[in-house]
Amino acid sequence: MSEIWEGLVAGFWLVASFDADLVEITLRSLQVTLTAVVIASAIGLPFGAWLAIRRFRHRRAAIALLNALMGLPPVVVGLIVYLLLSRAGPFGVFNLLFTPTAMIIAQVIIITPLIASIAHQAIRDIWADYHDLLISLSTTKGQRIRILLWDGRRALMTASLAGFGRAIGEVGAIMIVGGNIDHATRVLTTAIALETGKGDFALALGLGFVLIGLAVAVNLAIHAIGQTESEGKW
Amino acid sequence: MIRLLTLVLAFCASSVTAETLRMAVTTSFHNSGLSDVLLPAIEEDTGITVELLIVGTGQALRLGEAGDVDAILVHSRAAEEAFVNAGYGTHRREIMYNDFVIIGPQGDPAGVKGLAAAAAALSAIARTESVFVSRGDDSGTHKKELALWGDAGVVPEGAWYRPVGAGMGAALNTAAAMDAYILADRASWLNFGNKADLALLFAGDPVLFNQYAYIPVNPQRHDHVKADLALALEDWLTSAPARDLINGYQINGETLFTFNAIAPAE
Amino acid sequence: MVTPILPLTMKGAVVKRRGQTLLGPVDLEISAQGIAIVMGPNGAGKTKLLRALHGIERLAAGSVTWQVPVREAQDRQAFVFQAPIMLRRSVQDNLAYPLRLRGVAKKDALARAAHWANRVGLGDALDRSAPRLSGGEKQKLALARALIRDPDIIFLDEPCANLDGRATREIEAILQEAQAGGTRIVMATHDIGQAKRLADAVVFLMHGKIIENRPAKAFFAGPQTRQAAALLQGDIVE
């Protein structure tokens, strides 16, 4: 119990003193995760929406596959990306291993199915709602996609947020492909793993509380921007 | 616009610049805290920024084989020699040594304290079936541990023998939680933050000698490795400033490593 | 002068689901004037008939023909569903949406939307979230949205089924107004009183087939079929 208290205190001092290492690690965490979320959303949101409204033969199988991909163990993704990016592997020439780019690649692979799946579910619900009306109004396919994406923007934002949550706390894959190199690829989660491994629980907990605070802050910020809780709107 | 582009490219490009060297080192080397002392000095004296990948000896060797790093620093002689003989490394250069120690619960149920030899200590642990945590990760420490079991004539197996497949720190955490015996390098133990009820019970047997060696990755196998930087680093690691830093590194007044690099035998 | 899209001719239309025939074969002509009421017990196929006329139900056989090409005809009709479909936006944006689809400029669309909102008594609810309106308000909104593009014909599927007396009266008033303005109305209803109030003609359905199709006055004075008579009397018809 005292360790948790020590952790809180350690975390507080880290933040209050704007500890240079902490700032660097936090910024890198955000850089990696936000970039991954933007890319994964750019792929996953339209794909999920498309899957919701397009009827094609193997649609059910595609949806089942998408849901299964959500369960991809991140550490396995990390291992596969590592083998692909290693100098001994097919994409070694790009020299991407142990860089933030490699971490972004791994995280994009991990969270895109999640974002696409939630987007698909959300759009499917709205499409089921709007279906008869949109057909009755003789809308084109483009007009349908536009209104589904716009009216569903809150749910789509939730999908991206879910991706963010999954990515910011991820440690296995980015540890493998990033290498947790100090001043290069160390982020909050890998730093926590390292400090825990050294037995420095107070520091690890401190970093942990910073991570939690960061995740909560980003969530609050997005909801504030979206004004999703204000009465009567939407 | 150009500024923005350069900034973007700088973000996207790999962080490996001209004077950056990637080196795979063992967890025991890092957990001792020595790397935190050496790296800034290296940067200042040679201008080389060393990127450390802290992994087990086994993985360090694999990284060297694949050419994902420019040099390795490990502590498992047999594996190192095999690595060089297979052509993955150019040569092996001894830098420093420390020793392994046997850590265990303060109550010492196996009675290893005061025994004469490491082999005897391990025999006692096996005989009393006291819980023993093994690195189990093909690391230098793990290989040393297995060699010691061999000396003791014991095949370690059973519910009391617990291989965790993790680095030094994580393994020590597990031992602390299980109140178990464990073989650790002295430096990592001294720098470890979660000692709980464990204590240093056995040390001093010459067989526990732990030699660290530096191996540059062979540029003939992988022509992209920074061979000249690797040699420059080797020169520094075997120089007087390195000697002073390594011999002078202490935790709680205890010296951890002994510098023992000698001039190259060309 | 724009070519009228009516009369509309349905020939031999059949709607099936899972091999079962739910509607048809049906022959029906919808003329250009008045209010036609579609009646019949539950499951008779009223909804399927309306949807088939409007072109949002796939026909297993038969055809629906307008006086103009189908694409143009589609643009000049509207449908009010039994459960009102609300877009997840404000009242004003709901009304403006069909206009925006047509390419009407945003300012104009919003202005016309406000005008129509006033006409149906939702003038001070412009910014309210449409899904949060009461049942009656939703249906009035749906009706206004259907009428905002000045369609030649609108189909309504039991629009007042879940509404109270006041809302029903308001809806009927709007319908009368629209009809007076030249919009053809085809509406399904359960409410015999409503049918009597509004109908110029009655189409009576049983088991997916039209068994009576007559001017309202004559129908109510003396239905020709046993089932219609039973329904008008208040009996359960099957």
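What share of the contacts in chain A with a separation of 6 or more comes from residues 24 or more positions apart? The share is 79%, where a contact means that two C-beta atoms, placed from the backbone, lie within 7 Å. This is a predicted model: local features need pLDDT of at least 70, side-chain atom pairs count only at pLDDT 80 or more, and totals for chains, interfaces and linings use all residues. Residues are numbered from 1 along each chain as its sequence is written, while chains are lettered from A and ligands numbered from 1 in the order in which they are written.

**Chain A**

- Chain A has ten helices and zero strands. Helices (H or I, at least four residues) and strands (E, at least two) are DSSP runs, numbered from the N terminus.
- Along the principal axes, the C-alpha atoms of chain A fill a box of roughly 65 × 50 × 30 Å.
- Of the 234 residues in chain A, 45% are buried. Buried means that 20 or more other C-beta atoms lie within 10 Å of the residue's own; exposed means 12 or fewer, and partly exposed is in between, with C-beta atoms placed from the backbone.

**Nonpolar core**

- The largest nonpolar core has 214 residues. Such a core is a set of buried Ala, Val, Leu, Ile, Met, Phe, Trp, Tyr and Cys residues joined through C-beta atoms within 7 Å.
- Helix α5 (residues 100-136) of chain A gives the largest share of this core, 19 residues.
- V177(A), I182(B) and V38(C) have the most contacts inside the core.
- Leaving out residues up to four places away in sequence, I182(B) touches I103(B), F132(B), V133(B), A171(B), L172(B) and A175(B).
- In soluble globular proteins, nonpolar side chains tend to be buried together.

**Chain B against chain A**

- This contact takes 22 residues from chain B and 19 residues from chain A.
- On the chain B side, β2 (49-55) and α8 (168-178) each supply at least two residues.
- That side has nine nonpolar, ten polar and three charged residues. Ala, Val, Leu, Ile, Met, Phe, Trp, Tyr, Cys and Pro count as nonpolar, Asp, Glu, Lys and Arg as charged, and the others, Gly among them, as polar.

**Domains of chain B**

- Chain B is assigned domain 1 (17-97 + 210-259) and domain 2 (99-208). Domain bounds come from an automatic or database domain assignment.
- Their C-alpha centres lie 26 Å apart.
- In the contact, 20 residues of domain 1 of chain B meet 19 residues of domain 2 of chain B.
- On the domain 1 side, α2 (27-31) and α4 (57-66) of chain B each supply at least two residues. The largest share, three residues, comes from α2(B).
- By class, this domain 1 side has six nonpolar, 13 polar and one charged residues.

**Domains of chain C**

- Chain C is assigned domain 1 (8-86 + 133-233) and domain 2 (87-132).
- Taken over C-alpha atoms, the two centres are separated by 25 Å.
- The contact takes twelve residues from domain 1 of chain C and 19 residues from domain 2 of chain C.
- Helices α5 (135-147) and α6 (165-180) of chain C each supply at least two residues of the domain 1 side. The largest share, six residues, comes from α5(C).
- This domain 1 side has seven nonpolar, no polar and five charged residues.

**Six-stranded sheet of chain C**

- This open sheet has the order β5-β6-β7-β3-β8-β9 (chain C), with mixed pairing. Two strands pair if DSSP finds at least two bridges between them.
- β5 (77-80) and β9 (209-215) of chain C stand at the edges with a single partner strand each, so one side of each is left without a neighbour in the sheet.
- The twist averages 15 degrees from one strand to the next. Axes are lines fitted to C-alpha atoms, for helices over the stretch in contact, and angles run from 0 to 180 degrees between N-to-C directions.
- β3 (residues 35-39) and β7 (residues 184-188) of chain C pair in the parallel sense over four bridges. I35(C) has I185(C) in β7(C) as its bridge partner.

**Three-stranded sheet of chain C**

- This open sheet has the order β2-β1-β4 (chain C), with antiparallel pairing.
- The edge strands β2 (20-30) and β4 (61-65) of chain C each pair on one side only.
- Neighbouring strands are turned by 20 degrees against each other on average, direction ignored.
- β1 (residues 8-17) of chain C pairs with β4(C) in the antiparallel sense over four bridges. M10(C) has V64(C) in β4(C) as its bridge partner.
- Helix α1 (residues 46-54) of chain C packs on this sheet and touches β1, β2 and β4 of chain C. The direction of α1 makes about 60 degrees with that of β2(C).
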